[in-house]
Amino acid sequence: MSTPDTLLLLLTGACFVALVVAARLPVSLSLAAASVVLALAAGKGFPLAHLVEGMFSYLDVSLVILTAMVFMKVIEANGLLTELTQSLIALLGRSRLLLLVALTIVIMFPGMITGSCTASVLGTGAIVAPVLMRMGLPRVTTGAVISSAAVYGMIAPPVNVPVMIIGGGIDMPYVGFGLILTVLTVVPAILTTLWLAWREIDRDKLREVMAASRADLRGSAFCGGRRLLLYLPLAAVIVLMMGPKSFPQWFPDPRLPLTFLIGSLLGTCTGRRVQLLSAARGGVSEILPVVGILVGVGMLIEMLTLTGLRGAIVVGSLAIPSVFLFASIAVILPLFGGISVYGGASVLGVPFALALLGRNQVIVLSALSLIGAMGSYIPPVAFTPVVTAGLLGEQYLPIVRRCLGPAVAAVILGTIILIYANPVARLFGV
Amino acid sequence: MITVVYRGIVAVAVILVVAELFSQRSLKVKINAGLVLIPLILRALMVA
């Protein structure tokens, strides 16, 4: 990499970090400002057309996230999420193992369909947290369980934004990630929950929680046909998502935004009465920072392309010896997540993916997203633990400390998968 | 047909983001909403 290119990269990186950390600007605005600074420094003036074109890079993903968040808010307001959680406790409460597995997946669910850990923490996390504490888990452990499941939910399929960002940067479609992402997220999430919570659950309190859930379900306004009807939006969304993949010859693909919109409309007709407009506004308000980051990332990638830095990064990355490359991925990628996981995926994930072009890219991108997501625990931002701590009224650092061991294990797992990407790809038939 | 539905979804998103833009007090959030609005409006109008 030539000296001017290196200087431009350092300037862009420094500008972004300074705006986020020192000026406390949102990540989206910092990315947009860093893009403008890069263009100005490279002598391209203010390339408005290119900047606007960059904003379109992740428009489809943004629409998916926006509509998914509206759907989440609707099924939260109509009582489906509460009903689902109580049913699982009543059904699986006899087995600690099955219950913890089910609750982990329930916490992950909003993150899986929106690609946002905030949706998990504030959606199902808020419902499951009191249940976990009633089972005897201390507040910090409860926070750690919710944080870790939310982080894994963020990168679980069908929507993994970091993979989409890196894929957009290397012109790779978001296709074929379902199986490997499921394995890389659901299994570690369950193991982390078991490691954190297994010993701390009080069996007597668990029995009490199960009895209370059964009593709540018996006294619930939803019984018989109404209860089945309550699950209709969720069932419709699953059918509309799975149908086109299972029967592509005759099942039309409505795509995810329309799928979630249909689910949201069904949600207003089943369960408790929902004010669709206020639910939609609440969802958009919550997810707007994430959508803004996607717009900012698109602008930055466009500017990197315009100034020729993207090509320079590729050439420079290919020249790094593989030992240093894996070490730097394992250390730098999670550390950058301390500022923004999505920002890290854009700024570092793209060059790292390009440097590993000889390996199966589906596996590489999945592993990079796993490693990068662990940056959610890293201060100064430590986004997921901070949101969880706010929810529980607890300090965030003890939650971070509880999550640190499993996070390091996940980074090691991700690095091993990167090293053996091609054999892993053969194993999964990717 | 699907194009009309798609534009309708984008238009709904525009309305919701505009509502957010005017209901928020924080200038940073307003600018963020404005940033998000640009591609949404252009796509709803099929300009780009």
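Biologist: Where does A:Pro158 lie?
Modeller: A:Pro158 sits in the loop between helix 8 (139–154) and helix 9 (161–169) of chain A. Keep in mind that this is a predicted model.

Biologist: And the peptide bond from A:Pro157 to A:Pro158, is that cis or trans?
Modeller: That peptide bond is cis, with omega near 10°.

Biologist: OK, on to helix 8 of chain A. At what angle does helix 8 pack with helix 20 of chain A?
Modeller: About 135°, and the axes of helix 8 and helix 20 (residues 383–392) of chain A are 9 Å apart. The two helices are therefore oblique to each other.

Biologist: Is the crossing of those two left-handed or right-handed?
Modeller: The crossing of helix 8 and helix 20 of chain A is right-handed.

Biologist: Which residues meet there?
Modeller: From helix 8 of chain A you get A:Arg139, A:Thr142, A:Gly143, A:Ile146, A:Ser147, A:Ala150 and A:Val151. On the side of helix 20 of chain A they meet A:Thr384, A:Pro385, A:Thr388, A:Ala389 and A:Leu392. By class, that contact splits into six nonpolar, five polar and one charged.

Biologist: Now another pair. How do helix 4 and helix 6 of chain A cross?
Modeller: At roughly 150°, with the axes of helix 4 (residues 59–77) and helix 6 (residues 96–114) of chain A coming within 8 Å. Angles over 145 degrees count as roughly antiparallel, so helix 4 and helix 6 of chain A are roughly antiparallel to each other.

Biologist: What makes the contact between them?
Modeller: Helix 4 of chain A brings A:Ile65, A:Ala68, A:Met69 and A:Met72, while helix 6 of chain A brings A:Pro110, A:Ile113 and A:Thr114. Six of these residues are nonpolar, one is polar and none is charged.

Biologist: Why does A:Asp171 count as exposed?
Modeller: Because A:Asp171 has 6 C-beta neighbours inside 10 Å, and 12 or fewer counts as exposed.

Biologist: What about the phi of A:Arg255?
Modeller: Positive as well, about 65°, and A:Arg255 isn't a glycine either. A:Arg255 belongs to helix 14 (residues 255–269) of chain A. With 19 other C-beta atoms within 10 Å, A:Arg255 is partly exposed.

Biologist: And A:Asn422, what is in contact with that one, away from its sequence neighbours?
Modeller: Leaving aside neighbours within four places in sequence, A:Asn422 is in contact with A:Arg359 and A:Asn360. A:Gly358 is 64 residues away from A:Asn422 in sequence, yet the C-alpha to C-alpha distance is 9.0 Å. A:Asn422 itself is in helix 22 (residues 421–428) of chain A.

Biologist: Let's do chain B. How many helices and strands?
Modeller: Two helices and zero strands. Of the 48 residues of chain B, 25% count as buried, and the C-alpha atoms fill a box of roughly 40 × 20 × 10 Å along the principal axes.

Biologist: How many residues of chain B are in contact with chain A?
Modeller: 18 residues of chain B, against 24 residues of chain A. Helix 1 (2–23) and helix 2 (27–44) of chain B each give two or more residues to that side. The largest share, nine residues, comes from helix 2 of chain B. By class, the chain B side has 14 nonpolar residues, one polar and three charged.

Technical notes. Residues numbered from 1 in each chain as written. Chains lettered and ligands numbered in written order. Predicted model: local features only at pLDDT ≥ 70, side-chain atom pairs only at ≥ 80, totals over all residues. Contact = placed C-beta atoms within 7 Å. Helix = DSSP H or I, 4+ residues; strand = E, 2+ residues; numbered from the N terminus. Nonpolar A, V, L, I, M, F, W, Y, C, P; charged D, E, K, R; others polar. Axes fitted to C-alpha atoms, helices over the stretch in contact; angles between N-to-C directions. Parallel < 35°, antiparallel > 145°, perpendicular 65-115°, else oblique. Buried ≥ 20, exposed ≤ 12 C-beta atoms within 10 Å, placed from the backbone. Left-handed = near helix turned anticlockwise from the far one by under 90°.
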